[in-house]
Amino acid sequence: MKLKYLIPAGMLAVGGAALLLVNSTTTNAGPTTQTTGPVQIKRGEYLVKFGDCSACHTPLKFGEHGPEPDLTKFLSGHPASTKLPPPDLKPGPWFAATAGMTAWTGPWGISYSANLTPDKNTGLGIWTEAMFISAMRTGKHMGSGRPILPPMPWPASSSLSDDDLKAIFAYLRSLPAIPNSVPAPLNPDGQPMFPE
């Protein structure tokens, strides 16, 4: 091959390799490879804070300046000890939350924010990473069970990358386990939505 053809071909090869290297290390969907350990947990913490999961999954308490998150119950869901009256549901396109922001009522009935801590009996302690990812992708409890109820924005969470969902799960698993048996959801008539 003549030298005049080798030089442009070599420049094309170097340029193509540079483009391939740049494109293989960046993406609009976040990291392309799973990180591990503290880096993955830190990424999960960032995503949980950005998604404001605490707004619904951490009960409120009254502080000096009014309602504030009760960090002793961080991400532990609706307090088992907080009993609510049956909802007085009027016809119409509405829903409402309790003052603690962990229980929601609407035309579907009452739903309670889940315990996201790694407690084995009442939280995510027996969940696997695959179950968590499936739940966030399908809107099914434990990835294949009953529907995840409003106001959980699982359709928005379903657009996260696998790496981001794995990071969120790793962060939730790193939290202290808080035993808190969240009540089962109720139909509009106050009866269990999913009887055992």
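Modeller: Let us start with one term: a contact, or touch, means that heavy atoms lie within 4.5 Å. Please also keep in mind that this is a predicted model.

Biologist: With that in hand, which residues does I148 touch, leaving aside those up to four places away in sequence?

Modeller: Not counting residues up to four places away in sequence, I148 touches A135, M136, G139, K140, H141 and W154. I148 itself lies in the loop between α4 and α5, the latter being residues 154-157. From I148 to T138 the C-alpha distance is 8.9 Å, and the two are 10 residues apart in sequence.

Biologist: Why is I148 called buried?

Modeller: The relative accessible area of I148 is 18%, and buried means under 20%, so I148 counts as buried. Over the chain of 196 residues, buried residues make up 33%.

Biologist: What is the overall layout of the chain, in helices and strands?

Modeller: The chain has six helices and five strands, and along the sequence they follow the pattern α-α-α-β-β-β-β-β-α-α-α. Among contacts in the chain with a separation of 6 or more, 57% are between residues 24 or more positions apart. The accessible surface of the chain comes to about 12,100 Å², and 65% of that surface belongs to carbon and sulfur atoms.

Biologist: How do you know that E45 and K42 form a salt bridge?

Modeller: The closest N and O atoms of E45 and K42 are 3.2 Å apart, and the cut-off for a Lys or Arg side-chain nitrogen and an Asp or Glu carboxyl oxygen is within 4 Å, so the pair qualifies. The two residues are three apart in helix α2, which spans residues 37-50, and are therefore separated by about one helical turn.

Biologist: What makes K42, E45 and K49 a network of salt bridges?

Modeller: E45 takes part in both pairs: E45 bridges K42, and E45 also forms a salt bridge with K49, where the closest N and O atoms are 3.2 Å apart. Through these salt bridges K42, E45 and K49 are linked in a network. E45 and K49 are four residues apart in helix α2, again separated by about one helical turn.

Biologist: Why are K42 and K49 called exposed?

Modeller: Exposed means over 50% relative accessible area; K42 has 55% and K49 has 59%, so each of them counts as exposed.

Biologist: What makes D162 and R137 a salt bridge, and where do the two residues sit?

Modeller: Their closest N and O atoms are 2.6 Å apart, and the limit is within 4 Å, so the pair counts as a salt bridge. This pair links distant parts of the chain, with D162 in helix α6 (residues 162-174) and R137 in helix α4 (residues 129-138), 25 residues apart. D162, at 40% relative accessible area, is partly exposed, and R137, at 30%, is partly exposed as well. A search of the whole structure finds four salt bridges, including the ones described here.

Biologist: Which residues touch the most other members of the largest nonpolar core?

Modeller: They are F132, I168 and L172, in a core of 17 residues. Helices α2, α4 and α6 each supply at least two residues of this core, and α6 gives the largest share, five residues. Leaving out residues up to four places away in sequence, F132 touches W127, L165, I168, F169 and L172.

Biologist: How do you know that strands β1 and β2 pair?

Modeller: Pairing needs at least two bridges, and β1 (residues 60-63) and β2 (residues 66-69) have four, in the antiparallel sense, so they pair. One of the bridges joins L60 to P69 in β2. With two residues between them, β1 and β2 form a hairpin.

Biologist: Why are β3 and β5 said to stand at the edges of their sheet?

Modeller: Three strands form an open sheet in the order β3-β4-β5, with antiparallel pairing. β3 (96-97) and β5 (109-112) each have a single partner strand, so one side of each is left without a neighbour in the sheet. β3 pairs with β4 (residues 103-106) over two bridges, and T105 in β4 is the bridge partner of A96.

Technical notes. Residues are numbered from 1 along each chain as its sequence is written. This is a predicted model: local features need pLDDT of at least 70, side-chain atom pairs count only at pLDDT 80 or more; totals for chains, interfaces and linings use all residues. Side-chain values use heavy atoms; hydrogens and water are left out. Buried means under 20% relative accessible area, exposed over 50%, partly exposed in between (1.4 Å probe, protein chains only). Accessible areas come from the Shrake-Rupley method with a 1.4 Å probe; for residues, only the protein chains shown count as cover. A nonpolar core is a set of buried Ala, Val, Leu, Ile, Met, Phe, Trp, Tyr and Cys residues joined through side-chain atoms within 4.5 Å.
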